[in-house]
Amino acid sequence: MCNLISKNFPKILVIDHSPFNRTHNNGIVKSNLFQDWPKDRLAQILYSGPLPSFDVCSNYWEIQKRDILKGILRIAPKRQTLQETSQNEVVNIADRIAIKKGYLSQLIPPAIRKVAGDLFFEFSSVVSKPLRRWIMAFQPDIVFTLGGSYRILLLTTQIARHYRLPILPFFTDDWISTLYTDYVYERSQRQKLLYRFKYCMDNSPIRLCISEAMSNEYKIRYGGNFEVFMNIVDDQSKEKTYCLNTNGN
């Protein structure tokens with residue numbers, strides 16, 4: 001009976017920076033949204049971001065820059081998933097990454113780091129053969145993303161196009177209006193972002209927004225169907241509902 005119920009839920013491939021967890025804004029929002037979704041119908045491709053939890057989703061594939069470079073040399077890891085990594089190892093990895101980012105932040109301005117980091121996702125090795133096999137084994141029905149950066153939007157649209165999947169974007173802030181607008185050298189990156197954004201919207205039969213006001217504004221801007229999902233908590237729990245954003249804090 002449980003298997004029959006599970007099959008009524010589409011298989012959703014999540015692609016973004018934020019894993020499912022109970023400690024960071026977007027992780028909490030997604031965990032609430034998919035709280036009762038069958039775990040075998042959820043998988044996530046994760047880049048950067050905080051540590052994941054496994055109560056809602058247990059099937060993760062983590063992309064790291066070193067794996068993208070290895071993929072160019074055809075030595076991409078056969079299985080790069082957090083599912084197979086112990087919590088202590090994940091914490092140690094996260095600590096090492098934080099230290100490296102701390103050093104880099106002192107040497108390279110954030111805007112330049114952002115654009116340079118995007119270049120890694122232009123390599124075809126991002127979607128390596130092992131990752132493609134993992135996607136095919138999962139057999140997703142739809143791609144879900146919070147977007148929030150060019151590299152995530154690029155990866156989302158590449159996978160959606162290759163596997164002919166619809167996209168379900170969820171907007172929790174107006175990142176599309178603010179990314180790559182501060183510096184002259186970001187103009188080309190913004191044009192690429194807008195191109196990928198258009199593909200995303202053209203291939204999303206329905207979109208989600210965090211509030212009614214945002215839904216109404218986006219309907220005027222982009223047309224199409226925008227539904228509202230607000231982050232909610234059980235009334236019987238004594239927690240408060242906070243207005244959430246996408247900065248992961």
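Begin by selecting Arg74, Lys129, Arg132 and Arg133, which form a positive surface patch. Lys and Arg count as positive and Asp and Glu as negative, with His and the chain ends not counted. The place of a charge is taken as NZ of Lys, CZ of Arg, CG of Asp or CD of Glu. Patches consist of residues with over 30% relative accessible area and no salt bridge, with like charges joined within 9 Å and nonpolar side chains (Val, Leu, Ile, Met, Phe, Trp, Tyr) within 5 Å. Accessible areas come from the Shrake-Rupley method with a 1.4 Å probe, and for residues only the protein chains shown count as cover.

The model is predicted, so that local features need pLDDT of at least 70 and side-chain atom pairs count only at pLDDT 80 or more, while totals for chains, interfaces and linings use all residues. Residues are numbered from 1 along each chain as its sequence is written, and side-chain values use heavy atoms, with hydrogens and water left out.

Arg74, another member of the patch, comes just after H3 and takes a positive phi of about 65 degrees.

Next, select Leu69, Ile72, Leu73, Ile75 and Phe123, which make a nonpolar surface patch of about 480 Å². Ile72 is placed in helix H3 (residues 65-72). Its relative accessibility of 43% makes Ile72 partly exposed, a class between buried (under 20% relative accessible area) and exposed (over 50%), with a 1.4 Å probe and protein chains only.

For the buried side of H3, select Asp67, Ile68 and Gly71. Viewed down the axis of H3, these buried residues fall within an arc of 105 degrees, so they line one face of the helix. The arc is that of the directions from the helix axis to the C-beta atoms.

**Salt bridges**

The structure holds six salt bridges, each defined as a side-chain nitrogen of Lys or Arg within 4 Å of a carboxyl oxygen of Asp or Glu. Select Asp55 and Arg22, whose side chains meet in one of them (3.1 Å, N to O). The pair links distant parts of the chain, 33 residues apart: Asp55 is in the loop between strand E2 (42-47) and strand E3 (60-63), and Arg22 in the loop between strand E1 (12-16) and helix H2 (25-33).

Move on to Lys192 and Glu122, whose side chains also meet in a salt bridge (3.1 Å, N to O). Lys192 lies in helix H9 (residues 187-202) and Glu122 in the loop between helix H5 (110-120) and H6, so this pair ties together parts that are 70 residues apart in sequence. Lys192 is partly exposed at 29% relative accessibility, as is Glu122 at 37%.

Then select Arg221 and Asp174, joined through their side chains by a salt bridge (2.9 Å, N to O). Arg221 is in helix H10 and Asp174 in the loop between strand E5 (167-171) and helix H8 (175-178), 47 residues apart.

**Helix H10**

Finally, display helix H10 (residues 212-222), whose buried residues are Met214, Ser215 and Tyr218. Down the axis of H10, they fall within an arc of 100 degrees, so they line one face of the helix. The face turned away from the buried side of H10 carries the exposed residues Ala213 and Ile220.

Conventions: Helices (H or I, at least four residues) and strands (E, at least two) are DSSP runs, numbered from the N terminus.
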